[in-house]
Amino acid sequence: MTLLSLSRLRALLVKEMIQMRRDRVTFAMMLAVPLMQLLLFGYAINNDPKHLSAALVAPTQDRFTRAMVSALELTGYYQFRHPAATAAEAEALIARGDVSFVVTVPSDFGRRVQRGEDPQILIEADATDPSVASGAISTLGTVAADALSRELGATSGAAPPVDIVVHRRYNPEGLTQYNIVPGLMGVILQMILVMMTSMALTREIERGTMENLLAMPATPAEIMLGKVMPYMAVGAVQVAVVLVAARGLFGVPFVGSFWLLGAGIFVFVLALVILGYLISTAARTQMQAMQLTFFVFLPSIMLSGFMFPFRGMPLWARMLGEVLPLTHFLRLIRGVMLKGAGYADVARPLAALSLFVLIFGALALLRFRRTLD
Amino acid sequence: MNVIDVQGLTRSFGARKVVDGVSLVVEKGEIAGFLGPNGSGKTTCIRMLCGLLTPDAGSGRVLGHDICSQQGAIRRQIGYMTQRFSFYEDLSIAENLNFVAGLYGLPPGAVRDTLADLGLTSRRGQLAGSLSGGWKQRLALAACIMHQPQLLLLDEPTAGVDPKARREFWDEIHALSARGLTVLVSTHYMDEAERCHRINYIAYGRLAARGSVAQVIEDAGLVTYTVTSARPGLIASRLSGAPGVEQIAPFGATLHVTGTDRAALEGTLRAAGVEFRPTQTSLEDVFIRLMEQSEDNMA
């Protein structure tokens, strides 16, 4: 026996290639996953997000105010989607996460500029994701000074230094953990629950017990609920662990309503286990179920706003992100835990998650075959 | 009313017609044998009968319910034992039975009685996966009849089971039949076919013969001779393909030579100068003949 016989090696290679080709899903994954990673990493992810939506609270719209606003927009970081908000509206916008910044220009701003009396503006940044705000904040000083001296150029000499007050809301120290740890709960839940439930039916098929199960009187809805409910209990344990760790190990604040968060987690977990079950109606083997789970998991991490700022992504990536349950859950949990968001503030993510439950559930029941056809 | 009464069942997988126009009638209380070679469509037929597969064509009733539209009602009244052990190997005997009892909504006593009947009360905690083939089969049968179905569909129930367990299994089937249960059992063991009240022989997706064992043998119109020789192998190769000889099957030191043309066969045997005497044609000879005929039809 030679150590390496070419004919034996060839036989092994041929067999391996045939099996690879026969397993269509694996083959597709081998091509699709690198492509997906390439596109997501390459085009969608941006660590220095620009054109972040902002609200402007400016009771008097004089020329200095306008100059400041246009100078801020020119930096490319700010986009004033809500140019004439009241203080209360602005507060709601930032709490809901509709805007990343609230720029407040006091009514005496113009007068103080002209008199040279230390004009002030207030910039409140949503610092739940510290990386979003950092670029926008760092450019402020020079921008403001330049804008005003241009505006004053005709009348007098040097502009008074603008005192820019920055409030990093919800996370004054800019701690990354505040953003990551609640997000991790979503990621952990998604990883484990979708993976476990995605094997629900494939395991029965692989072990040959499916035929017997189908021959007995159980309805598709009963089978689905029977399969996913135990994993909801698993999810509950995971939630408890992450919440305790968030508090005890990472000191993440919890300012919102516990019950509201609980409701959000419940709907999210339900969406996840039913998504997993939906995958199990499509996969033929447990291996395929794993691969499909991974196929959903990868964009969830990349495009949900967990790893990279959601607002920094181009429109197409954000639209993809919107169809992932994790995106909506992150908005909800960060809103409730860090900002103390109330029901009205998280109604939209909550509704989106409920919609996922309905859609995934309906698809799973439609896909489920009561027969072996 | 017949318990099973289906006509023209047809089912294809891809381009392959696995079951082709099979009609089947099974009367109440009957033990109907469903015979045929591997891949002849027995399992597909049974799955269509219990609503697990939808026929491409054909219609009929099982227990009075339409097989295409009332699968739910059929499922509740039949017991179906799959070819492969399909209970949960990682559950204990009692846990498996409790699961089945729960799905059919049976009272808790049902499991206790079944365990006692099986003689498994003391081993109730044992994992089903650790049972021997014979015990798995008994457990599966017990689980299938726990809800007192009116029709039992058994798909090769005795594959891989030792003779004693097989004997006991058939005693149980006859006892159930005596109580009025109708049974359709697929097999390719000839001795099992002979234990059925009536057999249905299916080959290449088509029903090739039907009736009692004696009837099927008679209908085949075969004559068989036992040839005794010191060198059966040599004789067999010499007789093969000779006029009137259609099948040669060695049985120890003797050969069973079968054909349809008595005169030609006797002539050939006489010319070969071997010792021969007429014998009863066996079911096996008939089945092999039917199989070859069906093969010809396919070609």
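1. The model is predicted: local features need pLDDT of at least 70, side-chain atom pairs count only at pLDDT 80 or more, and totals for chains, interfaces and linings use all residues. Residues are numbered from 1 along each chain as its sequence is written, while chains are lettered from A and ligands numbered from 1 in the order in which they are written.

2. Start with strand S1 (residues 4-13) of chain B, which pairs with S4(B) in the antiparallel sense over 5 bridges. Strands are DSSP runs (E, at least two residues), numbered from the N terminus. Two strands pair if DSSP finds at least two bridges between them. Asp5(B) has Arg61(B) in S4(B) as its bridge partner.

3. S1(B) also pairs with strand S2 (residues 16-26) of chain B, antiparallel, over 7 bridges. Here Leu9(B) is bridged to Val22(B).

4. Most residues other than glycine have a negative phi. Leu63(B) has a positive one, near 55°. Leu63(B) sits in the loop between strand S4 (57-62) and strand S5 (65-66) of chain B. Leu63(B) is buried (20 or more other C-beta atoms within 10 Å of its own, C-beta atoms being placed from the backbone), with 21.

5. Glu156(B) also has a positive phi, about 40°. Glu156(B) is buried, with 21 other C-beta atoms within 10 Å.

6. The contact takes 12 residues from chain A and 18 residues from chain B. Residues are in contact if their C-beta atoms, placed from the backbone, lie within 7 Å.

Definitions and conventions:
Two residues are in contact if their C-beta atoms, placed from the backbone, lie within 7 Å. Helices (H or I, at least four residues) and strands (E, at least two) are DSSP runs, numbered from the N terminus. A residue is buried if 20 or more other C-beta atoms lie within 10 Å of its own, exposed if 12 or fewer, and partly exposed in between; C-beta atoms are placed from the backbone.
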